[in-house]
Amino acid sequence: MEFERPLFELEDKLDQLKRMDVAVNPEIAAEVEDLEQQLEQLRKETYEQIGPWERVQISRHPERPKTQDYVATLFTDVVELHGDRLFGDDEAILAALATMLGRRVVVLGHRKGKTTKENVARNFGSPHPEGYRKAMRAMRLAERFGLPVVAFLDTAGAYPGIEAEQRGQAWAIAESLSLLADLPVPVVVVGIGEGGSGGALAIGFGDRLIMLENAYYSVISPEMCAMILHKEASRAAEAAGCLRLTAADLIDFGIADEIVGEPLEGAHVDPEPVIAAVGERIRAALDALGEVDPQTLTQKRYERLRAIGVFEEGAG
Amino acid sequence: MSITDWFRAREDKRYTPVNGAGPKADVPEGVWTTCDSCKRIIYEGELAASMRVCPYCGHHFPVPAHERIAQLVDEGSLEEFGAGITSSDPLEFVAAKSYVQSVSSAKEKSGLEEAVVTGRATIGGHPVIVAVMDFSFVGASMGSAVGEKITRAFEIAVSERRGIVFAIASGGARMQEGMLSLMQMAKTAAAAKRYRAEGLPYIAVLTNPTTGGVTASFATLADIIFAEPGALVGFAGPRLVEQATRQKLPKDFQSAEFLLDHGLVDDVVARGGLRERVSLVLDYLMRPGGAA
Ligand SMILES: [Zn+2]
C-alpha cells in the first residue's frame, strides 16, 4: 500500500545489505544494526499514525480475508444458493445456508475475488440488481424457516452500469432495505472490508453491526467525494478524513456496536486470529439475539434506526 | 351583476384549465426565461401560469416546493409540520465550502429551512400527508433532517390513517453528513415498510432529477410510481455510469420514458394532469373519509 512504501524501501535496503559478505566489508555489521533500528522506528511510526485513508487502503488490500474465507473457516455444511429466479445469478453476492457450531443460519455477503479471473467473474464485488434479489430470496427463506441472517460487507458499491440501471438497481436496493427492516429473525452484520454506500447498506444493517478495525463504511467513496469537492480524485485522503468512515467513527455515531481488532499491518498479514475473533463475536451476538422474541426484535431494530440522525428542531 | 361582469365570470370559467393551473407565483414583471429544451424565450408570468411547463415544447422546469404543493393539493388544505427541523453539522464537515455555509446559502436562496416540506393536506378530498422536495436546497439531498421529516411523514400517516403523496427530487444521500445520511435510507425504508402494512396508499411522483440514495430507498417503495416527462431517475448518475462502463449511454438513458419502457414506473404523467391522476388513484385505493 502507498503509505507503506518507505517502509518497504528500507526493508529492501536492509535485505541487500544482509546479503553482502561481512568478512569482506566488516563495517556492514554496524550498518545493518543501524538500519534495523531505523526500520523498527519507521514501522512504529507508519502504523501508529494510521489514518482513515490508510485504513481504506488496508480494507481494499487484495489479500485481505474475504467473505468466502470467513464462510469457509467459520461455517460447515454450506449449501450455496444461486440465482434470483428472475434474471440470473450474480456472483458478486453470496447467499447460502450454513451451520455455525450447530446453529443453522442464512449467510449473505459481498464476494470479491482474489485473482483477476475471480474478480472479473464477480465484477470486483459490485452487485447488479439480481444479486440483491438473490439476497432477498435468501432473506425470505430465513424468515419462513426461522433462520438468523449473518451478512458480510465488502463492496466498493453497487455496480453503476447501464444494465444495472435498466434492471432497477435502485428498486432492488430499496426493496432489500424494506425487507431487512422488519425481517423477524436476528440479523448480524459484519463489516470486513469495504462498506461502499447503498450497495453495502442493502444487506448492511440489522440488530448488530460488528466492524473490523480497518473496515470502512461510507456514504460515498473518498475518491468520488474528492472529485465533487475539489474536482480531483487525488485528494481522496483528505476526503476520507472528512467523511468519518472508520469503525471508530461508526461507534461514535451509534451505528456500529463493536470493533474487532487487527494486526498492526492489517488482517491480511495474519488472518486466522482475526477470522476466529469475528466468529466469536457473531456467536455471542446470535446467542444474545436468539433469546429475543421476533416482535421485540423487529421493534428494537426499528427504534435503533429511528434514533440515527443529528438535526436541530426549532419552533415551526 | 352587470352584463360585463357576467361575461367576465363566464370567460374566467371557460378559460380555467381542466386540471387547475395552481396559484400565480409572485414574479416581477418583465422577467424572461430561456427554455433548456427548445431554447425559446418564455415570459416568467406565462411559465408560472403553465405550472412551469414550457408552453412551446412541454419541457418540465423545476418547481419550488410551495408552488408544487399548491399545484398538487386541494386549495388551502396544507397544514405544514416539521417546519422547524433543520440540518446541523455533526461531522463538522469543512472542505472547499463548509457544510454550514452550504446550508445557510440554500436557506437564503430557497426561503426553506430544509430540502423537503412536509404537511397534512387533502387531495380530491382524501386526507393525505404530502412531502415535496426542492432541488434548489443542497440538491434536495437526504441528510438527518430530511430523513427525519420523511420518517415522521410515514409515522403520522399511520397514526392518522392518511394516504401519502410525495413529489420527489434528490441528488441522493447528503455527503456532508456521512454515514448518518446513508442510514437515513434504512430509516425511511423502515418507516415506509411499517406504513405499507397499514393498507394505506403511497403514491410517489419522481421529478427531475431523482438519483442515488433517495431513489434507492423510500422513493421507489411506493405502491404507485409516476414520473414527470423527461425526468432523470436512477441510482448512479449518467456521468458515473459512463465513466465506469466506458460505454456510450443509450438514448434517453434514465429518463422517465426509459424507466417506463423498462417496467420501473407505473406511468409518465405530465404536470398538468398530475393532480387529477393522483386524485383518481386515491379514489381507487382509499375508502371515503379515510377509514380503511
Ligand atoms: Zn421549451
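**View 1. Glu80(B) and its bridge partner in a predicted model.** Within β5(B), Gly119(B) is the bridge partner of Glu80(B). The model shown here and in the other views is predicted. Strand β5(B) covers residues 116-123 and runs antiparallel to β3(B), with 3 bridges joining the two.

**View 2. The open sheet of chain B.** This sheet has 7 strands, placed in the order β3-β5-β6-β7-β8-β9-β10, and its pairing is mixed. Its edge strands are β3 (79-81) and β10 (267-268) of chain B, and each of them pairs on one side only.

**View 3. A cis peptide bond in chain B.** The bond that leads from Asn208(B) to Pro209(B) is cis, and its omega lies near -15°. Pro209(B) belongs to strand β8 of chain B, which comprises residues 202-210. Strand β8 is also one of the strands in the open sheet of chain B.

**View 4. A positive phi in a loop of chain B.** Arg246(B) is a residue other than glycine, yet its phi is positive, near 50°. The loop that holds Arg246(B) lies between α8 (238-245) and α9 (256-261) of chain B. Most residues other than glycine have a negative phi, and most peptide bonds are trans.

**View 5. The open sheet of chain A.** In chain A, 7 strands form an open sheet with mixed pairing, in the order β1-β2-β3-β4-β5-β6-β7. Why is one side of β1 and of β7 in chain A left without a neighbour in the sheet? Strands β1 (76-80) and β7 (258-260) stand at the edges and have a single partner strand each, so one side of each has no neighbour there. On average, neighbouring strands of this sheet are turned by 25° against each other, with direction ignored.

**View 6. Strands β6 and β7 of chain A.** Strand β6(A), residues 208-212, pairs with β7(A) in the parallel sense, over 3 bridges. Met211(A) has Ile259(A) of β7(A) as its bridge partner.

**View 7. A salt bridge between two helices of chain A.** Lys18(A) and Glu36(A) meet through their side chains in a salt bridge, at 3.2 Å from N to O. The pair links distant parts of the chain, since Lys18(A) is in helix α1 (residues 5-19) and Glu36(A) is in helix α2, 18 residues apart. Over all chains, the structure holds 43 salt bridges.

**View 8. A patch of negative charge on the surface of chain A.** The patch gathers Glu27(A), Glu31(A), Glu33(A) and Asp34(A). Among these residues, Glu33(A) has its place in helix α2 of chain A, which spans residues 28-48.

Note on methods
Residues numbered from 1 in each chain as written. Chains lettered and ligands numbered in written order. Predicted model: local features only at pLDDT ≥ 70, side-chain atom pairs only at ≥ 80, totals over all residues. Heavy atoms only, no water. Patch = residues over 30% accessible without salt bridge, like charges linked within 9 Å, V, L, I, M, F, W, Y side chains within 5 Å. Areas by Shrake-Rupley, 256 points an atom, 1.4 Å probe, with all protein chains shown as cover. Salt bridge = Lys/Arg side-chain N within 4 Å of Asp/Glu carboxyl O. Lys, Arg positive; Asp, Glu negative; His and termini not counted. Charge placed at Lys NZ, Arg CZ, Asp CG, Glu CD. Helix = DSSP H or I, 4+ residues; strand = E, 2+ residues; numbered from the N terminus. Pairing = 2+ DSSP bridges. Axes fitted to C-alpha atoms, helices over the stretch in contact; angles between N-to-C directions.
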